[in-house]
Amino acid sequence: MITQDSQAVLLLCGVLGPKDPDSPLAPREYQLLSNSLHGRGLRVGDLVNDESLVESVAGDPSHADRLIALLRRGVKLGLAMESWENQGIWVLTRTDADYPALLEKRLEASAPPVIFGVGPRSLLRKRAIAIVGSRDASPEALDRAADVAKGAVAWGMPVVSGGAKGVDERAMREAIESGGEGVAVLAGELAKTSRQSFERDAVLAGRMALLSSSHPTAPWVERNAFARNRLIYCLATQAVVITATRENGGGTWRGAAEALRRRWVPVFAVDDGSAGNASLIEAGASPWPPVFDPESLCVVPSAPDYTPAVERAEYIHDRPEASSKAQEDWMLAFDEPRTIRQAAQILSVDEKKLRALVRKAEKEELIAKHGRSGRSDLWLRAGSSGLQPGLF
């Protein structure tokens, strides 16, 4: 049985089929809704079977209609849950005690509201090493990946990787075949991957978990691969980049660069003289030591709190402070062009106080005018495209 909170999150944010025509809430949309509910002393589960409350919280009639339509998908959710269970697939929402605390802590408002998986969830709470690299890595690079994986096994640390060909696959196989554990974070095809012989056997042995924020039957797409990279870093205690290139999109390189920029984890890069790895070292990655040194890797003064999520007094996602400290919650309301009055209604805050915050942020070039709606200015947060689907 799932809780009413989890049911609400799945209805609001879940893709319930491979060709689901619905438009579920994106992570930041869900965070805004959660913050608005928190400000009223409510939880997301309170919206289930109470359409008048939905209308009150949503404010805008068109957004209320969207939320109500999503919450009416109960039958579809029931069928989807039965299908996932029959395939051995579990699902977690940000209201669940087993949801990885590191994802909430590091990704904050952009943490996926729903994740799917196969295998022991306990692996998601262990101190782990991310090993990442290119698909077309050289034999020497693949051997390095295997060496790092062996070191992780020697020190009892699971390997976290992306499940792709090349470095990811070699590191994961080495870890499992050496008697260790691993977490493969997939960009798609969770159900299909879980049936492959290597993954199936490792899962049944209790030494491997598969994880994805995409629907279990969703195909691999580049957009999901970039999102997958963020989960890899945020589930680990530290990361080792075996090889990365900036050519042809450079997915591995971009993922490592973002982890460095956001300071999620200590990032190491093999000092092999390649341009891609050299640029990561220049950006702040530590050169990978020639010998696996647990002291240099595993003892991180600023390491996150590893208190299991089940011990938390309340769900982190329901707290306003769970959103980004670099960009306060109120700025999330301007991920799309909105008037100050519209944003104030979304956030359930005083319009005058919000106006003062907007004026201050404008001086700091964090927010700017983006056209007009009637007699009112529209505002857009710096860095937002303004092209996301309408929220409110």
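A residue is called buried here when its relative accessible area is under 20%, exposed when the value is over 50%, and partly exposed in between, with a 1.4 Å probe and protein chains only. The model is a predicted one, in which local features need pLDDT of at least 70 and side-chain atom pairs count only at pLDDT 80 or more, while totals for chains, interfaces and linings use all residues. Residues are numbered from 1 along each chain as its sequence is written, and side-chain values use heavy atoms, with hydrogens and water left out.

The chain as a whole comes before its details. Of its 392 residues, 53% are buried, and the chain holds 17 helices and eleven strands, these being DSSP runs (H or I of at least four residues for helices, E of at least two for strands) numbered from the N terminus. If contact is taken to mean heavy atoms within 4.5 Å, then among contacts between residues at least 6 apart in sequence, 71% join residues at least 24 apart.

With a salt bridge defined as a side-chain nitrogen of Lys or Arg within 4 Å of a carboxyl oxygen of Asp or Glu, a search of the whole structure finds 20 of them. One of these joins the side chains of arginine 73 and aspartate 22, with an N to O distance of 3.2 Å. This pair links distant parts of the chain, since arginine 73 sits in the loop between α4 (61–71) and α5 (74–86), whereas aspartate 22 belongs to the loop between α1 (4–13) and α2 (27–39), 51 residues apart. Arginine 73 has a relative accessible area of 5% and is therefore buried, while aspartate 22, at 27% relative accessibility, counts as partly exposed.

Arginine 72 forms a salt bridge with glutamate 51, the two side chains meeting at 2.8 Å, N to O. Because arginine 72 lies in the loop between α4 and α5 and glutamate 51 in helix α3 (residues 51–58), the pair ties together parts that are 21 residues apart in sequence. Arginine 72 is exposed, with a relative accessible area of 59%, and glutamate 51 is partly exposed at 35%.

Salt bridges that share partners join Lys165, Glu169, Arg173 and Glu177 into one network.

From here the text turns to helix α13 (residues 275–282), whose buried residues are Gly276, Asn277, Ser279 and Leu280. Seen down the helix axis, these buried residues fall within an arc of 160°, so they line one face of α13; the arc is that of the directions from the helix axis to the C-beta atoms. The face turned away from this buried side carries the exposed residues Ala275 and Glu282. Among the elements that cover the buried residues of α13 are β7 (238–241), α12 (251–262) and β8 (267–269). Just after the helix, glycine 284 takes a positive phi of about 130°.

Leaving aside neighbours within four places in sequence, isoleucine 340 is in contact with Phe334, Glu351, Leu354, Arg355, Val358, Asp377 and Trp379. On the same terms, which again leave out neighbours within four places, leucine 354 is in contact with Trp330, Ile340, Ala343, Ala344 and Val349.
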